[in-house]
Amino acid sequence: MMSKLIILIISLPLLSALLTHLLAGKLGRCVARISVTATLLSVLLSASLLWLSLSGDLVGESISTSPWSVLFYDPLSILMALVIGVISLIVHIYSLRYMAEEAGYARFFVLLDLMTASLILMVAAGDLLTLVIAWHLVGVLLYFLLGQDTRNPSAYRYAFWTFITYRIGDLPLVLAAVLLFQAYDTLSLPVIFEQLSQNPTAHEVFGLALPEVIGILIALAAFARSAQFLLHTWLPYTMEGPTPVSALMHAGIVNAGGFLINRFAPIFANTSDVLQWVFIVGFISAIIGSILMLAQNDIKKSLGYSTMGQMGFMVMECGIGAFSLAIYHLIVHGVFKGTLFLSAGTIINKARKSDGVPKDDLYKFVVEKQPASTPKSWLLMALITLVVPIAILIISHLFVSADYFQKQGAIILLFFGWITGAQLIFATYRTHAQNLWRLLLINVFSFTVVIIGYTFISHAFDVYLYPDAALREQLYAAASIEKIRFDIIAVITTLIIVASWLFTYYAERSGKIIRYKGRIWITFYALISREFYMTDLYTLLTRTILSASNKLNVWLRWN
Amino acid sequence: MPDITLILAGLFLPLFPLSMVFNAVFDRIQHVALRCLLLIGWPQIGLAIIHSSDFTASSLPTWFIIWALATSLLYAFRMLSLRAVGQWNSFLATSMWATLWLSSSNTSQEMQQLYAFGISAPLVLLAFLSAGLEKRFGAAYTGLYGGLAQSLPRFTGLLVFIVLAAIATPVFPGFFIMLKLIINSSATMPLATLALLGIWLLWSWAGVKLLQGLIVGTASQSEVTGVNALKDFNLITSWSYALLLIALIVSSIYLTGGLS
C-alpha cells in the first residue's frame, strides 16, 4: 500500500508535466489546471502517507527488481515529500495568475511539475544512484526555471551561477556514492547504513576511516546546495527569475542541504571531527548572511541573504547533532520565506505609499503631544533581559527531557535562544513606550509561547524522525568536543553575553553610544557593501579561465 | 601491445596532439552525413584496433592513462571559449572519447563499443541541428544571432535536450558511462577520479555557455512573425527527434544504466 503511494506521489507530477506539454496547444492557459490538480493530488497522497506512517507502519522500500530506482519511505522522506508538495502547490496556485502575462506559460508549469517530481524523488531515493540522479536534475531544472524569460540575458547569467555552483556540489556527492559503492558493493542506502553501523571502521580511504571521508563529501555537497559561505554568491543574485521560482527555491530547494545531511545521519553518527567543521561553516554563513542582509537596500536581495543566514543556522544545527531540529528549521523557514517572497510585491506597493519608518521621540512629543516615557533603571532592565529568557528556556526544556542539558548541542542552542530573547526585550525597551511593563509582559508571554511550542514540536520531530534513541545519542556524541574545552568556551561565552548586555544598557542610558568613525568603520562598510568582494573575485576568476581557454585555442590553431 | 598499435589507437581514441587530426578532418568535412559517419565510426575504429591486438588492461602503461586524461581535460577546457557549434561538437567528442581509455580495464569489448556509441549518439543529433542552424543563418555560431527560443521554439527545445544529453546529464548514456568510468578508476587511480569529475564539470560549463549563446536574447520581430520568419521544425521532424531522444534515454537506462 505505502510503496504504491510513494510511486504515485512522484508519478503524478511527471504525468502532469507530460499532459501539460501535450495539451498546451489545445487548452491554452487552462492547461495549468492539470498541473495544479496533479500537485494537489500528490499533496493529498503525501498527507495520507504521513497519516499511515504516524499510525505505526514506519519504514519500507518500494519493490524494484533492479539495483537502483528504489524508493524509500521512512519518516524523513514522507515528511519532506509532504513539505515539498505543499510548497509546490502554493507556488503553482500563485503562478496561475502571476505568470498569466508571461511568455512560455505552459513551459513554466511543465518545469514546475518536473522540479516537484525531482525533489520528491530526491527525498524518497532509496539508493545512491537514484539520489545522485535526482540531486543532479534539480540543479538542471532550476537553471531553466530561473531562465524562464529567455529574452533576459541577465536572468540567464545568474541562473548560470546557480547551475555551476550546483554542479560543483554534485561532484562530492558522486564521489561519496562511488566510494560507498566500492566499499559495500551495493547501492541500497538502508543496506549501507546497516553494514556501516555494524562495523564503522571496516573501510579506509586515503588513510581515513570511510565515514569521515563520506561525511566531508556529503557536507560539501550540502554546502553548495544550501549556499554556505564561499559557495553562496549565486543565491542573492538569482532574483531576475520569476517570483514564484524565487519562492520555491528559497522555501524548498536550498533546504536540500539540510535534508542530505539528515539522510546520511547514520554515517555522521560515526564521524569524529566532521560535525564540528559543519558547525563552524554554518556559524560563519549565519553571521555573514545576517550581516549582508542588513546592508541591502533591495528587498529581494535582502531576503536572499536572509536565506543564506537561515541556511547557516540549519547547517549549524546539524553541526551540533540536532539533526531533526534542522528539518524542523527548514520546514518553518520554507513556510515563512515562501510567504515573504510571494508577498514581496505587496510590501513594495505599500512602501511606495508609506515608508513605515517609526516616528522619533521628539516628533511624538512635539507633534503628537504624547508625554515622554519615564526612564527605567538600566540595571534592572539589563537583569530582566538576561534572566527572563534563559529562565523560560531552561524550564520549558526541562519539561521535555530531564537530561537535556547533558548534551553540548542543547547548551549551544540555549545560547542562541538566550540571545534572541534578550534581543526581544532590549528592542521592547528601546521603543520607549508609554506603558513599557505592559508591552514587555506581552512580548515575554509571546516569547514563552514560541519557546514552548518550539521545544515540544522539535522534541516531537526528534522522536518521529529518529525513533532510535541510540542513534540520537550517537549524533550528539559525534558533534561533541572534549568536556573541559566545551565548559571553558561556555563560561567565556556566558561572560561575554552578560557583559555585553550590561554595557549596552549602560551606554544606551548614559548616552555614551560609541560612534564608529574612522578608517575601520569605512573599511568594514566597504567590505559589506561590496559583499566581501566575493562576486568580484569569482567574476575575475571566471574571466581569467575563459581568457586562458581562448589563448590556448589560438595557440593551438583551434584544432 | 606494440607501441605503434597503441599510437594508432591513440589517433582514433584521440590523444593530443594526434587528436588534432580528427578535429581538422571534422572541420574540413562540411556534409552533415559524413560528419555523422565520422562521429559514429572514428572511436569504433580505435576500439577495433585495440581489440585486434593482444591487448590486456595491465599492459596499458600509467603514463598512457595520464595522457588520455590530460587530452580530455585539455579539450574540455578549450570548449569553454568556443563559439562555433561544429567545433564544439568535435572538441566534446575528442574529450569524451579520450576518457574511454579508462574503461579498458574490466570492461568487455561489446560494452566499450556501446559506450562509444552512447557518447556519439547525442553528438550526431547535435551535428544535424548544427547543420540546421547553418542552413537558416549561414553559420552555426553562438552569440551571433541569439533569441532562438523565441524564433525557433521547437528547434530550441530539441537543442536543449540534445546538448544536455551530450554533456552527460542524467539519464542520458553519457551520465551512466561517466559513473562507470569513475567507479572503475576510483579503486586504483583516485587522482584519475578527481580529474574525471573536473572534466565533467567543464563539459557542463561549456554546454550551458553554448545554450546561452544560442537561445537567450531577443529575436527580431521579423524573425518571429514577419515575412522572413525563420522556419521552425514541423511536428513530424520534432517528434522524430523526440522519439530518438526517448529511445536514447530508454536504451541508456537499460543498457548502460544496468536497469534490466
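1. A word on naming before the rest: the helices here are DSSP runs of H or I with at least four residues, numbered from the N terminus. With that in hand, look at Y533(A), which sits in the loop between α22 (519-529) and α23 of chain A. Most residues other than glycine have a negative phi.

2. Please keep in mind that this is a predicted model. The predictor's own scores for the complex are an ipTM of 0.95 and a pTM of 0.92. For chain B, the average pLDDT is 91, and 95% of the residues score at least 70.

3. On to the contact between the chains. Chain A puts in 32 residues and chain B 31 residues. On the chain A side, α5 (128-146), α6 (153-184) and α23 (534-555) each supply at least two of the residues that touch chain B. Which of them gives the most? That is α6(A), with 14 residues. By class, the chain A side that touches chain B splits into 21 nonpolar, nine polar and two charged residues.

4. The domain assignment divides chain A into domain 1 (2-349), domain 2 (376-510) and domain 3 (519-555). Between domain 2 of chain A and domain 3 of chain A, the C-alpha centres are 40 Å apart.

5. Now some helix packing in chain A, with α14(A) turning up in this point and the next. Helix α13 (residues 299-319) of chain A packs on helix α14 (residues 323-342) of chain A at an angle of about 170°, their axes being 8 Å apart. The pair is therefore roughly antiparallel. From α13(A) the contact draws on L303(A), T307(A), Q310(A), F313(A), M314(A), E317(A) and C318(A). The α14(A) side includes F323(A), L325(A), H329(A), H333(A) and F341(A). The contact of α13(A) with α14(A) has 10 nonpolar, four polar and two charged residues.

6. Helix α9 (residues 243-253) of chain A also meets α14(A): their axes come within 8 Å and cross at roughly 165°. That angle makes α9(A) roughly antiparallel to α14(A), and the crossing of α9(A) and α14(A) is right-handed. T243(A), S246(A), A247(A), H250(A), A251(A) and G252(A) of α9(A) face G334(A), K337(A), G338(A), F341(A) and L342(A) of α14(A). How do the residues of the contact of α9(A) with α14(A) divide by class? There are four nonpolar, six polar and one charged. K337(A) and F341(A) are also part of the contact that α14(A) makes with α13(A).

7. Helix α8 (residues 210-225) of chain A and helix α12 (residues 274-294) of chain A have axes that come within 10 Å and cross at roughly 20°. Are they parallel or antiparallel? Roughly parallel, because angles under 35 degrees count that way. The crossing of α8(A) and α12(A) is right-handed. E212(A), G215(A), I216(A), A219(A) and F223(A) of α8(A) make the contact with V274(A), V278(A) and V281(A) of α12(A). That contact of α8(A) with α12(A) has six nonpolar residues, one polar and one charged.

8. Last, two spots in the backbone of chain B. Where are the cis peptide bonds? A cis bond joins F16(B) and P17(B), with omega about 10°, and P17(B) lies in the loop between α1 (3-12) and α2 (19-28) of chain B. Another cis bond joins P170(B) and V171(B), with omega about 0°. V171(B) is in the loop between α8 (153-166) and α9 (173-188) of chain B. For context, most peptide bonds are trans.

How values were computed
Residues are numbered from 1 along each chain as its sequence is written. Chains are lettered from A and ligands numbered from 1 in the order in which they are written. This is a predicted model: local features need pLDDT of at least 70, side-chain atom pairs count only at pLDDT 80 or more; totals for chains, interfaces and linings use all residues. Two residues are in contact if their C-beta atoms, placed from the backbone, lie within 7 Å. Ala, Val, Leu, Ile, Met, Phe, Trp, Tyr, Cys and Pro count as nonpolar, Asp, Glu, Lys and Arg as charged, and the others, Gly among them, as polar. Domain bounds come from an automatic or database domain assignment. Axes are lines fitted to C-alpha atoms, for helices over the stretch in contact, and angles run from 0 to 180 degrees between N-to-C directions. Angles under 35 degrees count as roughly parallel, over 145 as roughly antiparallel, 65 to 115 as roughly perpendicular and the rest as oblique. A crossing is left-handed if the near helix is turned anticlockwise from the far one by less than a right angle, and right-handed if clockwise. pLDDT is the predictor's confidence in each residue, from 0 to 100.
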